[in-house]
Amino acid sequence: MSQGKEVAESLLDLLVTEAAYSIWRKHKDDKEAVAHSLEKLGFRIGVAMMERLMKDKPIMALQGERPTDAIKLLCRDFWGLAFKKITDRLRMNKQGIYIVLDKDFKWLRHITHKVEEEYPLGSKVTITGEGQGVPAGTKGTIISYSAGHNTVEVECENQIVSVSTNNIMTDYPARINPKTLLHIPSGMLRGALFAVDVPVTVEATILNPPSVEFTIATRDLQPECAEGSVRH
């Protein structure tokens, strides 16, 4: 790869990250607004990149074909343009939903595996999941780490509860949460497929960073969901 291309890719990654930070700072008190804005940004990027990709491949070439043909195009050509590689695996489950695996997703390569580095003692957090012994939305402070995998002890409302890091959100993180960042590529995939007339919903799941799995369902399989979502 030429030095010019490497610089261009680095600048693109930087611009996307800075845009994500800008949106997060603007809406940091509204988790849903952050997710919607990031997904919308990704959608616009995805549409533009797919239109560029299809410039010499008329959309008529895909019309009338199965969604699988568009998904294969996404995993090969679009992934190569957007993330400089192809996906590691594509499969379809019994419900007809596509599962796309990227074992080395470039935007998560910096993510640490250590809970204590991602969630330092004293961090102010909001509990986002139910079933923790306190209502979702309860605020608290991380006071220790549990023996369980990715579990912390949070002091809130005069009690201490054990909470999975999947169910907390730092109030003022030093850097954008990787789960939040993934709303951008989820939107990109939705936008890319929309550009070739294949409306879908997209859900991203972080496995073992930087491994990410994207679940893609055609709109007729999940008509109630209009946008992407992220799980960890």
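## Close-up views: cysteines and salt bridges

**View 1. Cys-75, a buried cysteine.** Cys-75 has a relative accessibility of 6%, which places this residue in the buried class. Welcome to this predicted model; the views that follow look at its cysteines and its charged side chains.

**View 2. Cys-156, another residue in the buried class.** Here the relative accessible area is 2%. How many disulfides does a search of the whole structure find? The search returns zero.

**View 3. Arg-76 and Asp-77 joined by a salt bridge.** The side chains of these two residues meet with an N to O distance of 2.6 Å. Is Arg-76 buried, partly exposed or exposed? With 47% relative accessibility, Arg-76 counts as partly exposed. Across the model, the count of salt bridges comes to four.

**View 4. Lys-85 and Asp-88 in a salt bridge.** The closest N and O atoms of this pair are 3.1 Å apart. Asp-88 is partly exposed, at 40% relative accessibility.

**View 5. Lys-85 and Asp-102 in a salt bridge.** These side chains meet at 2.8 Å, N to O. Lys-85 sits in the loop between helix 3 (67-83) and strand 1 (89-92), while Asp-102 belongs to strand 2 (residues 98-102), so their contact ties together parts that are 17 residues apart in sequence. Asp-102 has a relative accessible area of 1% and is buried.

**View 6. A network of salt bridges.** Which residues take part in this network? Lys-85, Asp-88 and Asp-102 are linked here. Lys-85 pairs with Asp-88, and Lys-85 also meets Asp-102.

Definitions and conventions:
Residues numbered from 1 in each chain as written. Predicted model: local features only at pLDDT ≥ 70, side-chain atom pairs only at ≥ 80, totals over all residues. Heavy atoms only, no water. Buried < 20%, exposed > 50% of the residue type's maximum accessible area, 1.4 Å probe, protein only. Helix = DSSP H or I, 4+ residues; strand = E, 2+ residues; numbered from the N terminus. Disulfide = S-S within 2.5 Å.
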